[in-house]
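Q: I would like to learn how to read features off a model. Can we take them one at a time?

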Amino acid sequence: MSVMTVTGKVNADSLGLVLPHEHAYIDLRNLVPAPHTISGKVLAQQKVALSNMGELQRNPYAVLDNAVIDEEKIVEFELLEFKKAGGKTFVDLTLRDIGRDPVLLARLSRLLDIHIIAGCGYYINKSHPPDMDDKTIESIAEEIFNEIKYGIDGTNIKAGVIGEIGTSEIIYPNERKTLIAAATVQQETGLGLHVHTDLWATNGNEVVKILTEHGAAAGKICINHVDVDIKMDYIKSLLHQGVYVEFDNFGKEFYADKRHKSVLKGLFARDIERVRAIKELIDYGFLSRILLSNDVCLKTCLHSYGGWGYDHVITNIVPMMVDEGISLEHIHTLMCGNPAEFLDNNFG
């Protein structure tokens, strides 16, 4: 059994410490609503700096520059910090139309000698191309399959995981088509399937129903972002279906002020609350179905811009988990065993 990285196939047992949901490069600027006030428009055109860091804690998209990570040297430095902390495998889920660049990922992988695994498929409705209404389930499935079998965007760099397939607060018709297409490809390839769900919604059960009814294996589905608004009954309802859930917002402790009518719209849980929820789920017997990551998608998540970096889970959250009574053996399962099992497949 093995996993496809951007530089070729590797054994699943060689992945080491894995971040299963990240973005080395990403551009979300087209998804950010334009501000309506003069002051908001002026702020939006600034660069991320200490002088606007307070604003960004209330509205991370108030400065449009925060919604893009595209500086090669900074990304190299940030990923090197992840490697220095003990990280070995980085799963990049940036998709088409939000900055995907498989050539840059392959370059990073070779330069830093880390495994990088690329995703495939379509993100949320707002990022879909203009012709999405005309695409059929079959044509979307063919696109996803070809990126796994042959390569992404005309390269020979192959995807090694499906997703993060995007869904919104309501699941739009084109998002549903993409889910069904992803399910058929998952059934054929055996790859892990990441699904982005709205940060405050509870439609993961609907997502699981759509996917499993169309052939996806529950044990290869991961419902992302359950750790922004932690609803334990909802999370347990997902886990009882045999899917993975992902705590992937470590380092993000925002209060997204609703006055700003931004992409984000409420309170984020704190890291300690995430850790305590994980401990509770482990005590309930769900150790083997939990994935951990940072989902770095903003400049302010990076060390270079005042954030905690890709190594945050290793450097800061592991000691917090130990303090909260999670054993080192269980931490190894969460950060090495579980993601390897999720990513492992026998395709190709």
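Q: Is K209 buried, exposed or partly exposed, and which relative accessibility decides this?
A: Buried means under 20% relative accessible area, exposed over 50%, and partly exposed lies in between (1.4 Å probe, protein chains only). K209 has 48% relative accessibility, so it counts as partly exposed. K209 sits in helix 7, residues 204-213. Helices (H or I, at least four residues) and strands (E, at least two) are DSSP runs, numbered from the N terminus. From K209 to L343 is 134 residues in sequence and 21 Å in space, C-alpha to C-alpha.

Q: What kind of model is this, and how are its residues numbered?
A: This is a predicted model: local features need pLDDT of at least 70, side-chain atom pairs count only at pLDDT 80 or more, and totals for chains, interfaces and linings use all residues. Residues are numbered from 1 along each chain as its sequence is written, and side-chain values use heavy atoms, with hydrogens and water left out.

Q: Which strands form the open sheet, and in what order?
A: Strands of a sheet pair through backbone hydrogen bonds, either parallel or antiparallel. Here three strands form an open sheet in the order 3-6-7, with parallel pairing. Two strands pair if DSSP finds at least two bridges between them. Strand 3 (18-22) and strand 7 (115-118) are at the edges; each has a single partner strand, so one side of each lacks a neighbour in the sheet. On average, neighbouring strands are turned by 15° against each other, direction ignored. Axes are lines fitted to C-alpha atoms, for helices over the stretch in contact, and angles run from 0 to 180 degrees between N-to-C directions.

Q: How many bridges join strand 6 to strand 7?
A: Four bridges join strand 6 (residues 89-92) to strand 7, and the two run parallel. T89 has H115 as its bridge partner in strand 7. D92 has A118.

Q: Which way do the residues of strand 7 point?
A: In a regular strand the side chains alternate between the two faces of the sheet. In strand 7, H115 and I117 point one way, I116 and A118 the other, and all are buried.

Q: Which helix packs on the sheet?
A: Helix 11 (residues 328-343) does, touching strand 3, strand 6 and strand 7. Contact means heavy atoms within 4.5 Å. The direction of helix 11 makes about 60° with that of strand 3. Its buried residues include I331, L334, M335 and F342.

Q: Where is the kink in helix 11 centred?
A: The bend at a residue is the angle between axes fitted to the seven residues ending there and the seven starting there. In helix 11 a kink of about 35° is centred on L334.

Q: Which residues touch the most other members of the largest nonpolar core?
A: A nonpolar core is a set of buried Ala, Val, Leu, Ile, Met, Phe, Trp, Tyr and Cys residues joined through side-chain atoms within 4.5 Å. The largest has 108 residues; L79, I162, I223, F247, M321 and M335 touch the most other members. Helix 6 (residues 173-189) gives the most to this core, six residues.

Q: Where is the cis peptide bond?
A: Most residues other than glycine have a negative phi, and most peptide bonds are trans. The bond from G163 to E164 is cis, with omega near 15°. E164 lies in strand 8 (residues 162-166).

Q: What is phi of D97?
A: Phi of D97 is near 75°, a positive value in a residue other than glycine. D97 is in the loop between strand 6 and helix 4 (102-112).
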